[in-house]
Amino acid sequence: ETGTRSFFLATRTVDECASKPQPEMVLSICEELGVHPAEALVIGDTTHDLHMAHNARSPAVALTTGAHSAAMLNTAPHLAILDNLSELPDFLETFDWTGKV
């Protein structure tokens, strides 16, 4: 509906997998793409997203542009809290992928 399908290699919804915070959505996408969960970065705007990433053993970045406030997001496992997706490239340039789960 949004015309953004070309931006995504794979997607999952609650109709296809167990709901968050179960890790199945992340694990299923990782399996399809041949990526180890520790090598995937989950970007989420709810604590449910962050807990799902943690349960999949994937690093996660929180975005404050969604349903949960920064204070709420701060209660869940995350590497960083960003106020806008435009901050992601700078975060990725400084992020050390070794041992960050």
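A: A residue counts as buried under 20% relative accessible area, as exposed over 50%, and as partly exposed in between. By that scale Glu32 is partly exposed, because its relative accessibility is 47%. The model discussed here is a predicted one.

Side chains of opposite charge can pair when their charged atoms come close. Two salt bridges are present in the structure. One of them joins Glu32 to Arg12, with 2.5 Å between the closest N and O atoms. Glu32 belongs to helix H1, whereas Arg12 is found in the segment before H1, so this pair ties together parts that are 20 residues apart in sequence.

Lys20 and Asp49 also meet through their side chains in a salt bridge, at 2.5 Å from N to O. Here Lys20 comes from the segment before H1 and Asp49 from helix H2, so the pair ties together parts that are 29 residues apart in sequence. Asp49, with a relative accessible area of 6%, is buried.

Helix H2, in which Asp49 lies, covers residues 47-56. The side chains of Asp49 and Lys20 also make a polar contact, at 2.5 Å. When residues up to four places away in sequence are not counted, Asp49 touches Lys20, Val42 and Gly44.

The account now returns to H1, the helix that holds Glu32. Helix H1 runs over residues 24-33, and its buried residues are Met25, Val26 and Cys30. These residues are on the same side of H1, because they cover an arc of only 125 degrees around the axis. The partners against which the buried residues of H1 pack are strand E1 (42-44) and H2. H2 is also the helix that contains Asp49. After H1 comes Gly34, which has a positive phi, near 70 degrees.

To draw the account together, the segment before H1 contributes Arg12 to the pair with Glu32 of H1, and it contributes Lys20 to the pair with Asp49 of H2.

Key:
Residues numbered from 1 in each chain as written. Predicted model: local features only at pLDDT ≥ 70, side-chain atom pairs only at ≥ 80, totals over all residues. Heavy atoms only, no water. Helix = DSSP H or I, 4+ residues; strand = E, 2+ residues; numbered from the N terminus. Polar contact = N/O pair within 3.5 Å; in protein donor to acceptor, adjacent residues only side chain to side chain. Contact = heavy atoms within 4.5 Å. Buried < 20%, exposed > 50% of the residue type's maximum accessible area, 1.4 Å probe, protein only. Arc of directions from axis to C-beta. Salt bridge = Lys/Arg side-chain N within 4 Å of Asp/Glu carboxyl O.
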